[in-house]
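Hi,

Here is the structure I promised to pass on. My notes on what I found in it follow below, so please have a look when you get a moment.

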Amino acid sequence: MLPIAAMGTLLAAWLVAVAACLGIGLLGFRLAGVREVDVDRGFQAFWIGFALVLWLLQIWHLLLPVSPVAGAVLLCLGCTGLWLGARLRFEQRLRSSWSFVIAAVLLALWFSNLSLRGLQHYDTGLYLLGSVHWASEHRAVPGLGNLHGRFAFNNAHLLYAALFRVGPWAERVPNLVNGSLLCVFLMQSAWCGRRLLAESRAGHAFGLLMALPALVLANLYLVSLSTDLPATLLAMLVAWRTFRLLVGESAGREREELIGITLLAAAAVSVKLSSAVFVGVCWLTALIAVRADGRRAALATGLLVLAMAPWIARGVVLSGYPLYPSALVSAPVAWRVPERQAVNEAESVRAWARVPGVPKELTLNGWYWLERWTERHVKLSLRPSFPLPFLLGATGLIAVVAAGSRGRSSRAKRGLLLLVPSAIGFGSWFVLGPDPRFAMFVFWSVAATGLATAVGVWDRAGARVVAAAAGALILVVVPKTIVPPGPEGGFHPSPRSETKLVETESGLRLYVPAKGDQCWDAPLPCTPFPHRNLRLRRPDSLTSGFLRDS
């Protein structure tokens, strides 16, 4: 028996969130002068709306908590966009795709059931849920990283998660956040697969293949606050849009595509800093693809700076570093996290990514870690790893070379330029933190680039082979379980943390986990690392921020 009430709660929240993002995206289209909407623009409107929601929330959080008031404002903007969007001209194909709408409903029902599971991600209890708690009750707190270094990891996606911390959804934020994003992303990918069989375009092949990293991560992080999943979705969209520009499938929409790539790239970085190198080089590649003159390049750069400014400002407020845990650049503020702590955070992430559970002194020096790392990750697998997508990409490249030997040529070969940001992204990932889940967008961009280019040169025959291969892989990796009703109103229980009180030298009372290092949703301020020299900037005011006395 399915837990209908619990699934209905999730679906209601998702419907509100999707409608708000779609409306804000359509509002952006109206302001940009777009007057016609097809299926591709409909999906693009949602993702542009999501990027704008993240941007608006970062500005809001500099001044106010992400409370229900913020949600109401965004919902009003979304409703305005939907009302104005009703006046846009919709392509007939969008109106008549009832079978696609039915498939979308079934997908949403399926993922609403899967989202009833218990939490799947350790870091959700370590600091992500606590960050959501802080965001929903306080504006950006100066020096919050002094309380817990991970609170200074400036993840805008957690502000979006804080919107769900209201009413019947308040205790189920990890169950709510990723499902709607995945449903929209997978339906967009399915639409590309449908068009691939009809039109045999390289861009459609890329769009179909990008479902694979999404499903791989959905198995691990559907019920969590992990930023790996939304960052991967956004980065794959940036790569796909850049590929379409390169192969000439955005003719007449180059300016629109460049704006979209800029906003989505900024959103990806604001969700997870580790995506910055890949999406940054994709953005530069897009500038080249549209043959941007000085004026257009300046406008695109200005838009990127504007889109990133709130994120940089929040970074300075939370830690004193705009790119924390990088300590290369800092601001002269009193609440700045000690440089040694920032360096330790970065080193800990790098060491854990190389070999988990081993002291960082053994993994940060020399290459002793490489053998263990190779044993864990250099194998064909549909879990987070790179050999399989690289093999698929190489297969596509072989097919492209074979087509060239037979005299076949296509503009789709220009899409191979996307391998440049993939190569640079892979190099930075390997040096800074070589855990495969941090760079799924890099690996699968290689696979999608190779196979999609092969479709471009082999036309219909290539499209059929790639569609069949993608379909088979999707059937293997797609979640296949049905979640039975849980004991908490249909949901399965989330862990709780027992805490004890620890008092610092200044008299500040902190909640500290009695066991382990996970606070979960404990009362504020909670930290597993109680520094004795920690104090508030103003007594009895958590919002005033935290300092560490020297």
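Let me start with the cysteines. Counting as a disulfide any pair of cysteine sulfur atoms within 2.5 Å, the total comes to one disulfide. Its partners are C519 and C526, with 2.1 Å from S to S. The torsion about their S-S bond is about -85 degrees, so this disulfide is left-handed. Both C519 and C526 are buried (buried is under 20% relative accessible area, exposed over 50%, and partly exposed in between, with a 1.4 Å probe and protein chains only).

C183, by contrast, takes part in no disulfide: the nearest cysteine sulfur belongs to C21 and is 14 Å away. C183 counts as buried, at 10% relative accessibility. For C192, the closest cysteine sulfur is the one in C183, and because 16 Å separates the two, they are too far apart for a bond. C192 is buried too, with a relative accessibility of 3%.

Before going on, a word on the basis of all this. This is a predicted model, in which local features need pLDDT of at least 70 and side-chain atom pairs count only at pLDDT 80 or more, while totals for chains, interfaces and linings use all residues. Residues are numbered from 1 along each chain as its sequence is written, and side-chain values use heavy atoms, with hydrogens and water left out.

Next, the aromatic rings. The structure holds 28 aromatic pairs, where rings of Phe, Tyr and Trp (its six-membered ring) pair if their centres lie within 6.5 Å, and planes under 30 degrees apart count as stacked, over 60 as edge-to-face and the rest as tilted. One of these is the tilted pair of F386 and F443, with 5.7 Å centre to centre and 55 degrees between the planes. F386 lies in the loop between helix 18 and helix 19 and F443 in helix 21 (residues 440-477), so the pair ties together parts that are 57 residues apart in sequence. (Helices are DSSP runs of H or I with at least four residues, numbered from the N terminus.) F386 is buried at a relative accessible area of 10%, and F443 is buried at 0%. Both rings also belong to a cluster that ring pairs build from W367, W369, W373, F386, F390, F426, W429, F430 and F443.

S385 sits in that loop as well, between helix 18 (369-377) and helix 19 (387-405). With a relative accessible area of 3%, S385 is buried. A polar atom of the S385 side chain lies 3.2 Å from the backbone oxygen of S381. Leaving aside residues up to four places away in sequence, S385 touches H377, K379, P436, M440 and F443 (contact means heavy atoms within 4.5 Å).

What does L229 touch, not counting residues up to four places away in sequence? Its contacts are N178, L182, A214, L217, A218 and Y221. L229 is found in helix 12 (residues 228-246) and counts as buried at 1% relative accessibility. The C-alpha atoms of L229 and V216, which are 13 residues apart along the chain, are separated by 9.5 Å.

Finally, a look at W240. R241 lies over the face of W240, at 4.8 Å from the ring centre, and R244 also lies over that face, at 5.3 Å. The rule here asks for NZ of Lys or CZ of Arg within 6 Å of the ring centre and within 35 degrees of the ring normal.

Notes
Helix = DSSP H or I, 4+ residues; strand = E, 2+ residues; numbered from the N terminus. Polar contact = N/O pair within 3.5 Å; in protein donor to acceptor, adjacent residues only side chain to side chain.
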